[in-house]
Each structure stands twice: as C-alpha cells, then as structure tokens.
Amino acid sequence: MSKPEPLTHDVIVVGAGLAGSWAAMIASQQGVKDVAVLSKIHPLRSHSGAAQGGIAAALGNTRPVPSTGAEGPLEQVPDGSEPSDSLESHIFDTIKGSDWLGDQDAIEIMINDAPRVIYEYEHLGCVFSRTPDGRVNQRRFGGHSAPRACFAADWTGHVLLHTIHEQALRHGVKFYSEWYCMDLIVEDNICRGVVALNILTGEIHTIRAKAVMFGTGGYGRAYKITSNAHANTGDGVAIAYNAGVPLMDMEFVQFHPTGLYKHGILMSEACRGEGGYLVNSQGERFMERYAKAKMELAPRDLVSRSEQQEINEGRGGEADRDAIYLDLRHLGREKILQRLPQVRELAIDFVGTDPIDKLVPIQPTAHYSMGGIPCDASGQVIADAQGTPVVGFYAAGECACISVHGANRLGTNSLLDASVFGRRAGFAIAEFVKGGAQLHPIAGDPAERNRQRVRSRMENPGKESIDKIADALKTTMTINCGVFRDGGKLQIALQDIQRLEERFAHAPIRDKSSRFNTDVLNALETEHLLSFSAVIVAGAIARTECRGAHWRTDHPARDDQNWLKHTLAQRQGEGEPPKLDYKPVNINYEKYPPQERKY
Ligand SMILES: Cc1cc2nc3c(=O)[nH]c(=O)nc-3n(C[C@H](O)[C@H](O)[C@H](O)COP(=O)(O)OP(=O)(O)OC[C@H]3O[C@@H](n4cnc5c(N)ncnc54)[C@H](O)[C@@H]3O)c2cc1C
C-alpha cells in the first residue's frame, strides 16, 4: 500500500447519520471553514435513514377522541384549546423509562430542546405527516403518556436525514464517502485526529484536525438477531475504548419487541402506536398479564421480556415455537397503506405475510445501545469519573452516552437525542475551533502503524476464519447476554469471548488486494465487535440487579442502594478484562426521586 501525505481539516466528523450531519452542518453554519465528514458507507445509507416510527416532542397536537378514552383513536387538538401534552410529562416519562439511570439534567435539556428541533426540521423543508389543519401530526409510542411521536408515515428517519444532509452540503461540508476510520489519535488527553482507510483505493491516511467528533452509531451487529444495518458494528465505541477513553453503561442493550421472526428486521413500534396487538400462539393478547394499563404500549424492555416469557413457557408459535405474532388486521387496509407502508412491504418481502390480512411472526431483536462514549450535553467527551475532558474530542448520537436513556430508551427519543445533541455538539465545536484551537503535533506515524496492522493480518499464516469467529460471537451474545441474563450464562459469554479473541489472533485476511477489500473491513469490524462485547459482558456480570434492559434472573430486583450508578469501563492490557469504575447518576431528588416503575 502506498504512503499518502496526511490530510488536514479544522473539524473531522466521523459518521454521516443524524448526529454527525447535524454537528457538521451547524459547525459550518457557525463559520468554521473546513468541516469534513467521514462515512464508511454512503452518507444517506446511515442507519438513521432506516428509522421508521417517529421523533418525540411534546407539541400536544393530537389527543385521544374524548368519547373513546386513552386507548381510542386520535383527533387533532382544536385551535385555541390546551395542548394535550407538556414538557414536564415528557421529562418524567423519559426518567421513568430509563429506570432512574438517566441523568436528569441532560434529559431536561433534550426535552426542552425538542419542540425547537422539530420546528427547525420543518423550516429546513422536512415533510412531516400532517393533521387535517396542517399541524405536525403525532402518534402514540410505548412508555409515552401522550401522543408525541412526530412522523413522516413510516419513513421518518429517511426524511430527517435527507433534510440535514442537503443542508450540510449547502453549507459547504466535505463528505468522504466510503472511508473507514480505523484509529483515534489521542496523546496527553488531547485529540489530534484520526486514521482512516479510503475503501476504494486501500490507502490509509492520517487525518489531522483541531476537533474530532464521533457520530458512529450503534452496535446491534454484535447480536445474531438484530434490527441494525450491517454497518452498525460499534466501530467508534471500540476505537475510543482502544484509545483509552472509558465506556459508560455498556451492559444496557435494548431489545425491540417486534423484529421479523428469524430476520430481526424491524416492524416499527408505530405498528403498536397505531393500535396493533401482540398475541401468542393461542391468540391471547398476553400483555394483559404483564402491563395491564399500558398493554402493547408498555416500554420496550418490559414488552420484550413478556414476549420471551411467553416463548419460554411454551406459548410461542411457528415450527420451533419461538415466535410471537403482531396483529394489524383490525387497523384496516387504508390505515396500513397510509401509515405503515414500509413495514407492510418488509413483512411481505421477508416473511411472505401481508399484515392486512395475516398475523406477522415476530421476536425480540437487538436494537439499540444505551451505553457508549461518555460525554456531556455539549458532546464533550469525558475521560474519567471526575469529568476530565478529552480536549478536542466530541461524540453524539447512539455511540454517545450522555446519559439520557439510562437503562432503557423510550421509542422516538433516539432520533431526538441524535438531533438535539448532534446540533449542540456542532455549536460547541464551532466555539472551540473559533476560540483558537490548534492543530496539535502527532508523535510517530499512526497511519503506518495501522498499515502494519492490516499487513500483518494479511501475512498471518493462521487458518482461522474471521466470519466463523464473528458468527460465534453473535451466537453467544444472543444466547448468554440477551433479554434474560444470569451469572452462569454471562460467565460462559465471557469465556467464549476470550477464546474467540485467542482464535482471532490466528485469523488471516485472505484477500490480499487493495481496492475495495471487504475482507479488510470485515477483519477490522470483527476486532471491534470482540473488544466492546467483552465490555458489555463485564459490566453485566458486575451489575447484580435488574434495571431497565439489564435483567438478571439471579438478582431479580432493582437495587438502588448499591447500583443507582453509572458504569465506566477502562481498557487494561492485552487480553485483560476492563477495569470497572462507577459514577453517580444526576438526580433531582426533590422533583424526580426514584420510584417503583409500574405500567
Ligand atoms: C430499523 C431501525 C428503526 C429505528 N426507528 C427509530 C424511530 O422511529 N425513532 C427513533 O427515535 N429511533 C429509531 N431508531 C434508532 C435511531 O435510528 C438511531 O439510534 C439513530 O438514528 C442513530 O443516529 P446516529 O447519527 O448516532 O448514527 P447512524 O445513523 O447509525 O450513523 C452512523 C454513521 O457512522 C458511520 N460510521 C460508523 N463507523 C464508522 C467508521 N469506522 N468509519 C467511518 N464511518 C463510520 C456510518 O457510516 C454512518 O454514517 C431506529 C433504529 C433502527 C435500527
């Protein structure tokens, strides 16, 4: 491979999803001249574009038809009357959804910013679905006590991402499409740039920058059944960890209740928001047993566990009896075609079932990472429990942990998180760069180190298959670190990961070519999956309680006495488990003291 000159930009944003695009667009709009975005896939294929159901904001534009009660159809709130929702209610729902692990100061910031961000999207040309009088329409979502999901049919992420991408282009942001970030350069707690592979040519570059931001998205691909795109391999999280940044609350992985059976592809929660039912093989609406008040619109952790329990107790369907069913038939053809056209197509294409007249087989699917790179509400990455900043390094979106979702995220709060905090990071980065930030010198040749990393794996004489290692990892994570966990299963997962890491040392890259070498990408991604999966499992073993998505059957209660705190996992030497540290949750004990979480 040839040795190109280092590239230089004022700001490098890694990730072209909503978080990265907002940050780049705002930094540029605020007068930073040279902002570049790096994306390993075409920017518009970022997973944000796959989001279906909606983005939350307490606008209060719709409410249940008064005569039918809370579960009935929605109507728009008449002009001049009280809105049906409030910021206060959105804040409380999010805190309760997080099982009190969310930082309440950050949650307040996100929710207070939400209406402004929706109107900003609208003014930038985003085509939301409308109420009859032209306001932004809103539907119900799980764990939210009012209809507050703003949506564009079931293409919400697609329209939001296109809107912000266009604006970033308009403001002169440069996009490096199909460039893969391999490494982060941090020395003396100052971030100095990244190392990236140009996938087309195979050249590896050092890219120097005054500020680096990660908006690298989630890591659902560590699981066998997942709703996540193939690109969601948690690279940014692993790269930051390898560079010495601790990871926060990684044990909290969200399983979405409605992944298509055997595929994991998402049937949006909007299906239940629009009134869909969940039934077991006996046709029972089993949520009555688990969440009498909220039924199918209980939060995701609870619904996924309820489904898994039905399956474990023999009430699942299909040949191996581990499917549950989504019933949309009573919504009628017109509503399904108007509000849920994409999920209908997905069901027809992948399981051969048309939800207009048939039950859709589904199962819980790995969906969202609550944990990630610790940072504050301006995206500033934090190096330790004392809050020391990593100068010049920012993060936002799903790879970041601020933490607004705590132990369990509510649906539609993630597009909001990526938008609000991507936007805020953009302002903070602009201020940092315009305030005289420097290009710091870089010791040695990080690009060369990474070329050597690829070369030595190409020359590795071992016989192990990287694909088989990745597959074994996903299997053990699904079986042993899934919806229900216990100490024994988690230890098996830990040992499996250790053995897989040893095997990985003997796994060569077989394709030796340089142009568009997907074998190289697969090797780098698998290395990343292994390193952060070990962190998920270590955090889960240590946390001997049930909280949100982390459910230990051998410790079946929430334990605020010992565990109302965030985990921070720091990388140790090669092959060693991470060092775990903890920091307090930001709680306003007068306003939102911890309570039992009932639905
Ligand atoms: C199917 C599905 C439906 C969803 N529906 C909803 C919904 O209705 N409402 C809601 O609120 N949330 C939803 N979510 C969650 C939400 O979409 C995501 O959490 C959010 O969009 C994440 O945005 P992001 O900008 O952080 O990352 P992403 O949009 O995932 O973007 C990540 C970016 O990082 C880049 N990248 C990653 N690694 C590298 C690397 N090594 N080098 C270079 N580039 C890299 C990728 O190319 C990509 O551009 C859904 C998620 C899924 C999977």
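Predicted model: local features only at pLDDT ≥ 70, side-chain atom pairs only at ≥ 80, totals over all residues.
A polar contact here is a pair of N or O atoms within 3.5 Å.

**Around the ligand**

| Residue | Polar atom in | Distance to a ligand oxygen atom |
|---|---|---|
| Ser39 | side chain | 2.8 Å |
| Thr412 | backbone | 3.4 Å |

How much of the ligand does the protein cover? On its own, the ligand has 1000 Å² of accessible area, and the protein covers 98% of that. Several elements give two or more residues to the shell around the ligand: the helices α1 (18–29) and α11 (413–434), plus the strands β2 (35–39), β9 (179–187) and β16 (360–369).

In total, 37 residues surround the ligand, and the closest are Ser46, His47, Ser48, Glu398 and Ser414. Sorted by class, that shell holds 19 polar, 14 nonpolar and 4 charged residues.

**Strand β21 and its partners**

Now for some strands. β21 (residues 565–570) runs antiparallel to β12 (residues 247–248), and 2 bridges join them. Leu247 has Ala569 of β21 as its bridge partner.

β21 also pairs with β22 (residues 579–584), again in the antiparallel sense, over 6 bridges. In this pairing, Lys565 stands opposite Pro584 of β22.

Methods:
Residues numbered from 1 in each chain as written. Heavy atoms only, no water. Near = heavy atom within 4 Å. Polar contact = N/O pair within 3.5 Å; in protein donor to acceptor, adjacent residues only side chain to side chain. Areas by Shrake-Rupley, 256 points an atom, 1.4 Å probe, with all protein chains shown as cover. Helix = DSSP H or I, 4+ residues; strand = E, 2+ residues; numbered from the N terminus. Nonpolar A, V, L, I, M, F, W, Y, C, P; charged D, E, K, R; others polar. Pairing = 2+ DSSP bridges.
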